[in-house]
Amino acid sequence: TPEKVYVVIPQSKLEALEPVKKTLLSLYSLKAIFGILQEAELDLVPASVNALIIPSPLSKKSTFALESLRSRGIKIYEGNEGWKNCKEFEKAVILNGNKADVLARRTSAGTLFTLVSKQREGPITLSYRNSTAELGLSDFGLVHITDKGVVLLEGEKRFVINKTFFCKSG
């Protein structure tokens, strides 16, 4: 499944590293689900994409590609703060995990969520589509959700899937 929103990484621009990094870290903390696209792949943007985030200026050649994408109805958010106006994100709902960042990536069977926290948190509840997982979190946790539900859960202390208690340690 293609994402609804992609962050576009500029090609061969060292000065773009900091704005791109800042944007990605901000999106992780928002629990936003997004993809990453290289500047050279702008002609491969799927028809189902709603928005592109351009944290740092692209080449002049890419300006024409962006105009073509705009004419297809794709919203373009430019600059390292432009993404803040983007309302097209798909998000997982996270309860009790205010300090946890979320990286979501599609797999061949579903979506793998990596939850990262610099401090012990938990239990954290992640809800996405029709599935809910509850887990303790110290450094990181993993939740893989497919059409069959939660098929992988890694964390600590307490594990609950769709309100069914599975395990408690420590």
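This is a predicted model: local features need pLDDT of at least 70, side-chain atom pairs count only at pLDDT 80 or more; totals for chains, interfaces and linings use all residues.
Q: What kind of pair do the rings of Y28 and F34 make?
A: The ring centres of Y28 and F34 are 5.8 Å apart, and the planes sit at 25°. That angle is why the pair is stacked.

Q: Which residue pairs with F113, and where is that partner?
A: F113 has an edge-to-face pair with Y128, at 5.1 Å centre to centre and 65° between the planes. The pair links distant parts of the chain, 15 residues apart, with F113 in strand β9 (residues 110-116). Both F113 and Y128 are buried. The partner is Y128, in strand β10 (residues 121-128).

Q: Which residue has its charged end over the ring of F34?
A: A charge sits over a ring if NZ of Lys or CZ of Arg is within 6 Å of the ring centre and within 35 degrees of the ring normal. Over F34, the charged end sits 5.3 Å from the ring centre, and it belongs to R105.

Q: With which side chain does the side chain of E3 make a polar contact?
A: E3 is in the segment before β1 (5-9), and it counts as buried because its relative accessibility is 5%. A polar contact is a pair of N or O atoms within 3.5 Å; within protein, one must be able to donate a hydrogen and the other to accept it, and residues adjacent in sequence count only if both atoms are side-chain atoms. For the side chain of E3, the polar contact is at 2.9 Å, with the side chain of R106.

Q: Within what arc do the buried residues of α1 fall?
A: Helices (H or I, at least four residues) and strands (E, at least two) are DSSP runs, numbered from the N terminus. The buried residues of α1 are P19, V20, T23, L24, L27 and Y28. They line one face of the helix, because, seen down the axis of α1, they fall within an arc (that of the directions from the helix axis to the C-beta atoms) of 170°.

Q: Which strands do the buried residues of α2 pack against?
A: In α2, the buried residues are S62, L66 and L69. Down the helix axis, they fall within an arc of 60°, so they line one face of α2. On the other side of α2, K60, K61, F64 and S71 are exposed. The buried residues of α2 pack (contact means heavy atoms within 4.5 Å) against β4 (51-54) and β5 (75-78).

Conventions
Residues are numbered from 1 along each chain as its sequence is written. Side-chain values use heavy atoms; hydrogens and water are left out. Buried means under 20% relative accessible area, exposed over 50%, partly exposed in between (1.4 Å probe, protein chains only). Rings of Phe, Tyr and Trp (its six-membered ring) pair if their centres lie within 6.5 Å; planes under 30 degrees apart count as stacked, over 60 as edge-to-face and the rest as tilted.
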